[in-house]
Amino acid sequence: MRPEARTDTVVLVMTGEVDHDSAGPLKAALEEGIGARRIIADCSGLRFCDSTGLNVLLKARLRMLNHGGRLDLAGLHPPVDRMFEITGAHNIFRVFQDVETALTDGEAGT
């Protein structure tokens with residue numbers, strides 16, 4: 001996972017798996033991006049995410065909202081997409097087809 005700055009937006013590229021044993025780097029990367037107006041979590045390389053990873057993302061979303069920012073998701077693939085669907089996280093996060101779509105979204109600053 002590595003954050004890539006792009007103006008006032010940070011694109012966080014997630015790869016591999018996020019579970020109880022590997023959530024630490026995700027949490028640290030999200031903390032680094034808190035000062036940005038927006039974080040886009042690029043999940044296109046993510047093969048697995050359990051409830052620990054989801055909780056890290058939910059907490060980071062709240063921190064971003066408290067700082068006047070937002071956390072969006074892009075590129076969810078099965079089975080990650082299914083987990084977000086089952087848990088209702090699709091209703092909490094803005095989810096985009098891919099990072100490019102998220103970056104060109106007209107409501108990015110709202």
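## Fold

Helices (H or I, at least four residues) and strands (E, at least two) are DSSP runs, numbered from the N terminus. On that basis the protein chain has four helices and five strands. The model is predicted. Along the sequence, the elements follow the pattern β-β-α-β-α-β-α-β-α.

The protein chain has 110 residues, and buried ones make up 45% of them. Of the contacts between residues at least 6 apart in sequence, 71% join residues at least 24 apart.

## Nonpolar cores

In soluble globular proteins, nonpolar side chains tend to be buried together. Here the largest nonpolar core has 28 residues. Within this core, L30, L71 and F84 touch the most other members. Several elements contribute at least two residues each: strand 2 (9-18), helix 1 (23-32), strand 3 (38-49), helix 2 (51-66), strand 4 (70-74) and helix 3 (80-87). There is also a second, separate core of seven residues. Its members include V11, I40, F96 and A102.

## F84 and F93

What does F84 touch, leaving aside its neighbours within four places in sequence? The list is L54, L57, L73, L76, A89, H90 and F93.

F93 lies in the loop between helix 3 and strand 5 (95-96). F93 counts as buried, because its relative accessibility is 4% and the cut-off is under 20%. Beyond its neighbours within four places in sequence, F93 is in contact with L54, L57, L58, R61, L71, L73 and F84. Take the pair F93 and L73: they are 20 residues apart in sequence, yet 6.8 Å apart in space, C-alpha to C-alpha.

## Helix 1 against helix 2

How do helix 1 and helix 2 pack? Their axes are 10 Å apart, at an angle of about 10°. Angles under 35 degrees count as roughly parallel, so helix 1 and helix 2 are roughly parallel to each other.

From helix 1, the contact uses A23, L26, K27, L30 and E31. Helix 2 meets them with T52, G53, V56, L57, A60 and R63. Sorted by class, the contact of helix 1 with helix 2 holds six nonpolar, two polar and three charged residues. L30 is among the residues that touch the most other members of the largest nonpolar core. L57 is in contact with F84 and with F93.

## D42 in strand 3

D42 is found in strand 3. Is D42 buried or exposed? D42 counts as buried, because its relative accessibility is 13%, and the limit is under 20%. Leaving aside its neighbours within four places in sequence, D42 is in contact with V11, L12, V13, M14, A74 and V99. One of these, V11, belongs to the second core.

## Cysteines

How many disulfides are there? The count comes to zero. A disulfide needs two cysteine sulfur atoms within 2.5 Å. The sulfur of C43 is 7.4 Å from the closest cysteine sulfur, in C49, and is therefore too far for a bond.

C43 is buried at 1% relative accessibility. C49 is buried too, with a relative accessible area of 4%.

Conventions:
Residues numbered from 1 in each chain as written. Predicted model: local features only at pLDDT ≥ 70, side-chain atom pairs only at ≥ 80, totals over all residues. Heavy atoms only, no water. Buried < 20%, exposed > 50% of the residue type's maximum accessible area, 1.4 Å probe, protein only. Core = buried A, V, L, I, M, F, W, Y, C linked by side-chain atoms within 4.5 Å. Contact = heavy atoms within 4.5 Å. Axes fitted to C-alpha atoms, helices over the stretch in contact; angles between N-to-C directions. Parallel < 35°, antiparallel > 145°, perpendicular 65-115°, else oblique. Nonpolar A, V, L, I, M, F, W, Y, C, P; charged D, E, K, R; others polar.
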